[in-house]
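This report describes selected features of the structure shown below.

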Amino acid sequence: MPQPTSSIAAPSDGTAVDAATILATGQHAAELGLFGLVWLDTELLARSRFGTLVDFVETGRPVTDSLPPLIGLEDDIQALKETPHRVLELPAVALVTSAGPAPRLNFTVFWISTAERFLLLVYRASSRSDIEVELTRQVRGRLIAEAEVQAKSRELTRANAELEQFASIISHDLKAPLRALRYLTDEAVEAVVNGASDDAGRLLGEMRHQAWRMSRMMSSLLEYASTGRKSDMLTMVDTHALIQAVVTSLPKPPGMSIEIAGSWPKIETLEAPLDLVLRNLIDNAIKHQDRLDGTIRIEAVDTVTQLAVSISDDGPGIPPAAHESIFLPFRTLGGPTGGTGMGLALVRRTLETLGGRIQVVSGRDGSRGTTFLLTWPRTISQS
Amino acid sequence: MIARKIMLLGEIGVGKSSIAKRLVLDHFEFDYKPTIGVDVYQYDVPDDAGRPGMRLIVWDTDGNFGDAIFRHVYMRQASAAMIVGDVTRRGTLEAMAKLGEGFLDAFPGRHFTYLVNKFDLLAEGQLPDLPEPLTRKGISLVRTSALTGDNVREAFRAAADIIHRRAL
Ligand SMILES: Nc1nc2c(ncn2[C@@H]2O[C@H](COP(=O)(O)OP(=O)(O)OP(=O)(O)O)[C@@H](O)[C@H]2O)c(=O)[nH]1
Ligand SMILES: [Mg+2]
């Protein structure tokens with residue numbers, strides 16, 4: 001604390017303190033913000049004030065103008081005149097404005113009959129220790145969190161359903177290649193025993209293929225499972241450069257053409273998931289194309305809230321009955337696509353995690369062609 | 001401009017401070033900072049269709065007060081109360097109903113509105129599970145989200161209309 005400029009130290013020799021010293025001490029304490037005083041007339045107009053804590057109180061105006069917490073207490077203050085020994089206390093009130101919270105203050109009003117005035121005493125409420133505030137936050141936070149767990153139960157139910165789905169995938173879809181592998185092994189052993197080395201070679205090749213396929217399925221299953229937990233970093237992404245890079249990197253038959261159209265903005269977003277979504281959808285369109293001179297058209301529409309992308313092909317189309325199931329893990333429409341069946345499941349899961357959407361338009365009246373419409377939020381809300 | 005006092009009541013963590021901050025400062029924090037004591041805000045409701053502008057003195061109370069708040073000096077001469085609950089916590093909605101009763105007892109004739117807050121946490125199409133007293137005819141109930149700001153200003157404007165009409 002800075003040393004007072006005037007000499008107002010308490011006397012240590014027991015001598016009486018004169019009135020001037022008391023006044024000077026009080027004044028000094030008020031200037032340090034230890035308390036503030038406001039004199040109010042019988043109409044509750046602020047007449048004079050004293051001390052930095054009440055600097056903002058305007059004199060000549062109703063005290064409630066400067067101190068809104070006193071609004072509503074006017075009658076209680078007036079009633080003090082009738083009961084001289086009473087005081088009115090309003091404890092621990094903080095006034096919050098756009099400038100931030102003000103100090104928490106105690107207000108006490110007295111009726112000073114000799115002066116025919118009210119005296120408003122303002123002093124700081126004992127400030128809570130950091131530990132006390134933190135403890136309160138933790139105790140209350142835990143109570144709230146416990147209840148929020150219940151609110152999350154919907155999400156959990158969904159996650160559980162997904163887990164069950166996983167279990168069934170493991171037991172059915174992975175069982176099939178495993179079983180194939182077992183038969184192949186038996187046959188290969190037999191071929192070796194019989195000395196049919198050509199057959200053995202072919203069977204071993206098939207075994208290797210099956211093993212590869214299973215390992216790919218496992219990796220994509222893991223990738224799928226971990227989407228939604230990945231906390232990626234937001235970066236500035238040039239979506240036009242991104243879509244071009246994706247298209248260039250994907251192998252495609254020589255006769256196939258891919259057109260990129262529309263407006264592709266630069267946005268601050270999660271690059272890896274956007275890459276994953278676009279790559280899988282385009283890869284899907286390439287793989288399911290059944291003609292050599294097929295065309296894929298990728299068009300973007302940029303709006304304030306989202307980036308909408310459509311990916312259309314002129315391939316065989318997808319029957320409406322399959323529009324939902326294509327988004328389930330390990331479902332392919334069959335055919336020699338070489339896919340693991342995880343692509344669209346990954347795409348949908350990624351989009352849903354980030355607040356986007358995907359929709360498929362295809363196979364109406366048995367016509368050809370498929371369009372995937374996806375929306376990508378311009379603001380990523382994932383925590 | 002006339003000034004009227006309006007209380008924010010409700011269990012801890014239901015979003016009373018968040019509603020006050022959304023209303024007055026138009027911002028939202030995910031971080032929970034408990035109110036220990038009481039914080040006072042001012043919000044000017046602009047004039048509208050025959051009602052002059054009104055300054056609302058918004059008292060954001062500590063959720064720990066419970067029923068004791070009705071006997072506290074803080075409540076003196078309150079024109080109205082906003083009784084807040086968290087739509088994801090059933091217990092806080094039941095507490096709202098109790099506070100509503102307590103308010104009517106202690107302040108007969110004064111107005112109160114139930115604010116069912118954190119509506120943003122409900123999934124699309126999901127209906128809140130409200131205790132019976134909150135669904136009675138004639139009560140004011142507004143679904144709010146301090147996070148998105150949905151219905152926050154509207155609720156206070158409607159309360160100002162009622163305070164004016166009933167001269168509270
Ligand atoms: N999602 C969501 N969270 C909210 C909303 N309103 C408040 N919260 C969160 O809920 C927690 C508690 O909010 P507060 O406004 O501090 O609650 P309070 O009612 O003032 O609590 P006390 O001061 O302890 O009585 C904070 O973490 C807020 O971010 C809302 O509308 N939606
Ligand atoms: Mg609070």
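At the start of helix 8 of chain A, a side-chain oxygen of Asp238(A) comes to within 3.0 Å of the backbone nitrogen of His240(A). A polar contact is a pair of N or O atoms within 3.5 Å; within protein, one must be able to donate a hydrogen and the other to accept it, and residues adjacent in sequence count only if both atoms are side-chain atoms. Helices (H or I, at least four residues) and strands (E, at least two) are DSSP runs numbered from the N terminus.

The model is predicted, with local features needing pLDDT of at least 70 and side-chain atom pairs counting only at pLDDT 80 or more, while totals for chains, interfaces and linings use all residues. Residues are numbered from 1 along each chain as its sequence is written, chains are lettered from A and ligands numbered from 1 in the order in which they are written, and side-chain values use heavy atoms, with hydrogens and water left out.

Helix 8 (residues 239-249) of chain A has as its buried residues Thr239(A), Leu242(A), Ile243(A), Val246(A) and Val247(A). They cover an arc of only 130° around the axis, which puts them on the same side of helix 8 of chain A; the arc is that of the directions from the helix axis to the C-beta atoms. Buried means under 20% relative accessible area, exposed over 50%, and partly exposed in between (1.4 Å probe, protein chains only). The cover over these buried residues includes strand 7 (235-238), strand 9 (266-269) and helix 9 of chain A, contact meaning heavy atoms within 4.5 Å.

## The five-stranded sheet

Five strands of chain A form an open sheet of mixed pairing, in the order 8-10-11-13-12. Its edge strands, strand 8 (257-262) and strand 12 (357-362) of chain A, each pair on one side only. Neighbouring strands are turned by 15° against each other on average, direction ignored. Two strands pair if DSSP finds at least two bridges between them.

| Strand pair (chain A) | Sense | Bridges | Residues standing opposite |
|---|---|---|---|
| Strand 11 and strand 13 | antiparallel | eight | Asp313(A) and Thr370(A) |
| Strand 12 and strand 13 | antiparallel | six | Arg357(A) and Thr375(A) |

Helix 9 (residues 271-287) of chain A packs on the sheet and touches strands 8, 10, 11, 12 and 13 of chain A; its direction makes about 180° with that of strand 13 of chain A. Helix 10 (residues 343-354) of chain A also packs on the sheet, touching strand 12 and strand 13 of chain A, and its direction makes about 30° with that of strand 13 of chain A. Axes are lines fitted to C-alpha atoms, for helices over the stretch in contact, and angles run from 0 to 180 degrees between N-to-C directions. On strand 12 of chain A, Ile358(A), Val360(A) and Ser362(A) form a covered face, and Arg357(A), Gln359(A) and Val361(A) an uncovered one.

## Chain B and its magnesium site

Chain B comprises three helices and six strands, and 54% of its 168 residues are buried. The magnesium ion (ligand 2) has Ser17(B) (OG) and Thr35(B) (OG1) as protein donors, lying 2.0 to 2.1 Å from it. Ser17(B) lies in helix 1 (residues 16-25) of chain B and Thr35(B) in the loop between helix 1 and strand 2 (38-45) of chain B, so the pair ties together parts 18 residues apart in sequence. Both Ser17(B) and Thr35(B) are buried. Donors are N, O and S atoms within 2.8 Å of the metal (3.2 Å for Na, K and Ca); water is not among the atoms, so sites may look incomplete.
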